[in-house]
Structure formats: structure tokens, C-alpha cells
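Please open the model in your viewer and keep the sequence panel beside it. The stops below say what to select and what is found there.

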Amino acid sequence: MDLLNTLVDKGLRRELPTREEALAVLATSDDELLDVVAAAGKVRRHWFGRRVKLNYLVNLKSGLCPEDCSYCSQRLGSKAEILKYTWLKPDEASQAAAAGLAGGAKRVCLVASGRGPTDRDVDRVSETIKAIKDQHEDVEVCACLGLLSDGQAERLREAGADAYNHNLNTSEGTYADITTTHTYADRVDTVQKAHAAGLSACSGLIAGMGESDEDLVDVVFSLRELDPDSVPVNFLIPFEGTPLAKEWNLTPQRCLRILAMVRFVCPDVEVRIAGGREVHLRTLQPLALHLANSIFLGDYLTSEGQAGKADLEMIADAGFEVEGAGEVTLPEHRASAGGCGSHAAAGGCGGHEDAGCGEAAGGCGSHADGGVCGTAASAAPANEPRPDLVAVRRRGAGTDLAPNA
């Protein structure tokens with residue numbers, strides 16, 4: 001297919017595709033799907049080999065958010081029966097992080113619900129970062145605390161944060177349909193603040209909220225312009241008790257096309273499969289590893305994910321390998337500019353997400369609603385709702401139960 005040959009050539013040169021080419025990827029047929037995956041896989045392997053970076057979420061403060069993001073289980077007015085608790089103490093957060101690191105995670109994403117941190121909140125998170133790095137010198141720490149005020153990104157950087165996440169989520173043209181308590185421009189401003197402070201920026205999107213192909217291409221092209229080091233791709237989990245509970249618009253094939261389009265537009269960045277992969281990709285998750293080079297391990301912010309052990313087995317069975325703590329994530333030209341993974345064994349990197357880090361329901365690069373994998377259920381058509389795959393997190397951070405790492 002001439003289109004795919006052109007996109008591979010452009011991806012290997014870091015050349016931006018045209019909007020028409022990006023839209024054409026989303027419009028390919030199921031008969032062409034494996035060709036699309038194979039083509040985008042060439043670009044992924046060129047820049048990242050067969051390495052898969054593991055990230056682990058720690059929900060520092062859950063629920064009770066004053067923002068009205070329609071996709072989020074922690075939003076103002078949410079009826080979702082999620083865990084709700086105030087700030088974890090630094091030692092509690094460090095203990096939660098240790099479980100993910102023991103499972104092979106290279107980065108810990110510290111997430112807190114809310115519009116944005118107060119100066120006291122920045123102090124709290126700074127103490128938590130120190131507690132984690134005192135125990136795990138080489139860990140990458142990404143903060144995801146919402147909208148930043150002047151000077152806060154610099155303070156987080158001084159405290160040892162390597163990255164900051166704040167997702168654009170959807171296109172500028174449709175943003176007001178999803179959230180009214182802050183603007184698209186507010187989100188862009190926070191990503192730019194992280195950049196300016198020397199943090200590795202992480203910013204991504206949520207697919208499946210009823211957006212058009214044009215909206216998806218718009219937000220991914222906007223991300224390319226912002227130039228974050230990592231781009232989490234969340235797939236909406238229609239959480240009961242939220243305004244988007246009935247939005248079941250994704251199929252596994254659609255998710256793969258979206259990931260391929262993101263890879264072609266952002267060829268040399270860390271593309272992370274975030275919240276919703278278990279719910280929407282389901283048995284096609286291993287194919288997605290040919291497109292993305294990063295995933296979350298275990299549970300998400302407010303929902304269960306696939307067991308950490310199953311994640312590791314999937315990576316091995318698909319012929320990939322877990323990226324080690326001493327390996328540089330990004331290609332040399334990005335890492336040398338101070339990007340994610342540039343400090344390698346020295347413990348540096350950067351890039352992560354929003355008032356739900358990488359959120360898609362307030363979740364870091366996640367979607368706060370990761371969904372549970374492996375639950376018993378009868379077979380259902382690919383485009384049918386699968387609420388049976390969505391389960392509220394009841395273990396790990398904020399509980400007395402061991403995490404799913």
C-alpha cells in the first residue's frame with residue numbers, strides 16, 4: 001500500500017505526515033489492519049527496538065475533585081463508587097511505589113485528584129518524591145497534579161521530579177463539550193510550564209468519547225506541536241455514574257488504528273498504552289505492543305487493570321522485553337536534549353500526566369478506569385458494551401490490601 005510505505009519513510013525521518021495521511025490510517029479496513037500494524041511496527045522498532053517501558057501509578061489522593069471532566073470517575077458530581085481518601089503520607093506512597101518497582105516498573109507516576117496543587121500540596125509531593133528516591137535511587141518519578149501555577153513546576157523539579165503529565169485529552173474544538181471548569185488553553189499552558197522548568201513533558205489523549213476522526217487527528221497534531229517526550233493514549237472507560245457511561249464506541253481494531261496513527265505522527269516519542277487497554281483491546285493487547293513502547297503495570301487510579309504478572313507474560317510471549325532501569329528510553333537525539341530517560345541509571349527521565357496523571361478518568365497516562373482483565377464472561381460482539389470488564393479498584397494505595405503489581 002503506497003500510503004503505508006510513505007508513512008514508514010516519513011516516520012524513519014521524523015517527518016510529519018499530512019492530515020490526509022493520518023485520517024487515511026483511521027479509515028483503513030479490517031482487511032488492511034495487519035498491514036497497518038506491521039508498517040507502524042517498523043517505525044516503533046526503528047526508534048525503540050523491542051523494549052517495553054513499564055510505568056506504575058500511585059493515586060496519592062482519590063476522588064472529590066471540583067472539576068467536571070465528563071470522562072472522570074473522580075469528577076464533581078460523580079456517582080461512581082470509587083475509593084475516596086485524602087493525601088497518602090510519604091511513607092505510604094513510597095510503600096505503594098515499591099510494589100510496582102518490584103514488578104519491573106521503571107517509572108512511578110504520582111497522581112492526585114483536583115484542579116491543581118496548592119503550595120502546601122507541592123510540599124507534600126516533594127516529601128513523597130524524596131521518600132521514594134531515598135529507597136529507589138534510579139527510579140523515574142512523574143508528577144500529575146493538575147493545572148500548575150507559576151513556579152510550581154520549578155519546585156517539583158528541584159524536589160527531584162523527572163517529569164510532569166497533563167493531557168490535552170481531546171481536540172481544542174470539542175474540549176468545551178467535555179469539560180467546562182477549565183479550558184484547553186489551561187492544559188496547554190501547564191504542559192508548557194513543565195517544559196520551561198526542565199521537566200520531561202508527558203501529554204496525551206483519550207479516545208472513545210464520541211469524537212470524530214478529525215478530532216483525533218487534531219489533538220495528535222497538537223501534541224506533535226507541543227513536543228512532549230511521552231504520549232499516553234487512553235481509551236475511555238464508560239464508568240457507571242459518569243456522564244459518558246453509555247459511550248461504548250471503540251473496537252479492538254479501532255484502538256489499533258488509533259495507536260498506529262499516533263505512532264506515525266509522533267514516531268520518536270514514548271507512546272504509552274494507558275487506561276482502557278484491557279477493556280477495549282482485550283485479546284488484541286499483544287498486537288498493540290508493536291505500536292506502543294510503554295504500558296502501565298497492574299491497576300490504575302480508580303479501576304482494576306490486568307494483573308502485573310499477566311502483563312509481564314504478555315510482553316514475553318509477544319517477543320518483547322522489559323526495559324531496564326539503566327536503559328535510556330528515548331532515541332539519542334531526544335535523550336541528549338534532556339528528555340525522558342536521558343539520565344538513565346542516574347535516575348532521571350520525565351514525562352507524565354494530569355489531575356489524574358495521564359488521565360482518562362483522572363488517571364496517570366491512564367484512565368483511572370483501567371478495567372479488569374480475565375473476568376469470566378460470555379463472548380460478546382466487538383462493538384457491544386462490556387461493563388463486565390470494568391471493576392473499581394479496591395486494593396493497593398489507600399487500602400490495607402496488597403496491590404495488583
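A nonpolar core is a set of buried Ala, Val, Leu, Ile, Met, Phe, Trp, Tyr and Cys residues joined through side-chain atoms within 4.5 Å, where buried means under 20% relative accessible area, exposed over 50%, and partly exposed in between (1.4 Å probe, protein chains only). This is a predicted model, in which local features need pLDDT of at least 70 and side-chain atom pairs count only at pLDDT 80 or more, while totals for chains, interfaces and linings use all residues. Residues are numbered from 1 along each chain as its sequence is written, and side-chain values use heavy atoms, with hydrogens and water left out.

**The whole chain**

Begin with a cartoon view, in which the chain shows 14 helices and 10 strands; helices (H or I, at least four residues) and strands (E, at least two) are DSSP runs, numbered from the N terminus. Of the 405 residues in the chain, 62% are buried.

**The cores**

Select Val58 and Phe264, the residues with the most contacts inside the largest nonpolar core, which has 94 residues. Helix H10 (residues 252-265) supplies the largest share of this core, 9 residues. Contact means heavy atoms within 4.5 Å, and, leaving aside residues up to four places away in sequence, Val58 touches Leu88, Ala93, Ala96, Ala97, Val108, Cys109, Leu110, Val111 and Ala397.

**The largest pocket**

A pocket is found on a 1 Å grid over the protein atoms alone, as an open set of points where a 1.4 Å probe fits, with protein on both sides within 12 Å along at least five of seven lines; lining residues have an atom within 4 Å of a point. Grid points are joined across faces, edges and corners, and a volume is the space filled by probe spheres set on the points. The largest pocket has a volume of about 330 Å³. Select Ala96, Gly396, Ala397, Gly398 and Thr399, which are the closest to its centre of the 20 residues that line this pocket. Strand S1 (51-61) and helix H4 (90-102) are the elements that give two or more residues to the lining, and S1 gives the most, with 4 residues. The lining divides into 10 nonpolar, 6 polar and 4 charged residues, where Ala, Val, Leu, Ile, Met, Phe, Trp, Tyr, Cys and Pro count as nonpolar, Asp, Glu, Lys and Arg as charged, and the others, Gly among them, as polar.

**Helix H5**

Select residues 119-135, helix H5, whose buried residues are Asp121, Val122, Val125, Ser126, Thr128, Ile129, Ala131 and Ile132. These buried residues pack against S1, H4, strand S2 (107-112), strand S3 (140-144) and helix H6 (152-159).

**Helix H3**

Move to residues 33-48, helix H3, where the buried residues include Leu33, Val36, Arg44, Trp47 and Phe48. Just after H3, Gly49 takes a positive phi of about 60 degrees.

**Two loop residues**

Most residues other than glycine have a negative phi. Select Arg14, whose phi is near 60 degrees, a positive value in a residue other than glycine; Arg14 is found in the loop between helix H1 (2-12) and helix H2 (19-26). Is Arg14 buried or partly exposed? With a relative accessible area of 40%, Arg14 is partly exposed. Finish at Asn169, in the loop between strand S4 (163-165) and helix H7 (175-178), where phi is near 75 degrees, again positive in a residue other than glycine. Asn169 counts as buried because its relative accessibility is 1%.
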